[in-house]
Amino acid sequence: TFPEPLLLPALQLLLWHIALWMVPEAAPLSPASSLPQSFLLKCLEQVRKIQADGAELQERLCATHKLCHPQELVLLGHSLGLPQASLSSCSSQALQLTGCLNQLHGGLVLYQGLLQALAGISPELAPALDILQLDVTDLATNIWLQMEDLRMAPASLPTQGTVPTFTSAFQRRAGGVLVVSQLQSFLELAYRVLRYLAEP
């Protein structure tokens, strides 16, 4: 423990470091959000639910098929041509509400397609995959309806784009680990943006 006289300066230094470290996070994103609080809270709840579903599928892929390390499968991801979703319009430096919601929705549509491509992954994993797909679809629908309400929706629904073809059971399971891992990273960013927008 610090001797008494050193405690205050040490505490001030710690608080100063925290304040300095938090500056980029606290950078102004945009004018006050025009999104309804009820919508944002529902989205946050849905994101957490999908993350829990994804974690369960990852655990089962690890336990049943010993596919526990997404980083070891990255090369396979490149050869399969797994696309990744961007949230560049949601960056803390220059948040564009319409662009951000579009990217959130587009990313979820992309992951819907990738999860559909995993169909037939294995009988024991199928129920967990189905639940994950349904929850991703629900969140995408929720965001789309809100965009329509605010007249921010593009003229047509985005398409899923090119989805890789998994040609073997191993590819499908390994692809499952990679897809869920990418989805979790995407959702972590999405959660941070939604939480910021939900702040009064």
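Glu 188, at 33% relative accessibility, counts as partly exposed, a class lying between buried (under 20% relative accessible area) and exposed (over 50%), computed with a 1.4 Å probe on protein chains only. This is a predicted model, in which local features need pLDDT of at least 70 and side-chain atom pairs count only at pLDDT 80 or more, while totals for chains, interfaces and linings use all residues. Residues are numbered from 1 along each chain as its sequence is written, and side-chain values use heavy atoms, with hydrogens and water left out. The count comes to 4 salt bridges, each defined as a side-chain nitrogen of Lys or Arg within 4 Å of a carboxyl oxygen of Asp or Glu.

**Links between helices**
- Glu 188 forms a salt bridge with Arg 48, with the closest N and O atoms 3.8 Å apart, and this pair links distant parts of the chain, 140 residues apart, from helix H6 (residues 169–198) to helix H2 (residues 37–65).
- Helices here are DSSP runs of H or I with at least four residues, numbered from the N terminus.
- Arg 48 is partly exposed at 38% relative accessibility.
- Asp 135 and Lys 49 meet in a salt bridge of 2.8 Å, N to O, which connects helix H5 (residues 126–149) with helix H2 across 86 residues.
- Asp 135 is buried at 14% relative accessible area, whereas Lys 49 is partly exposed at 39%.

**Within helix H2**
- Arg 60 and Glu 56 form a salt bridge, their closest N and O atoms being 3.7 Å apart; they are separated by about one helical turn because they lie 4 residues apart in helix H2.
- Arg 60 is partly exposed at 29% relative accessible area, and Glu 56 is partly exposed at 39%.

**Shared partners**

How values were computed: Helix = DSSP H or I, 4+ residues; strand = E, 2+ residues; numbered from the N terminus.
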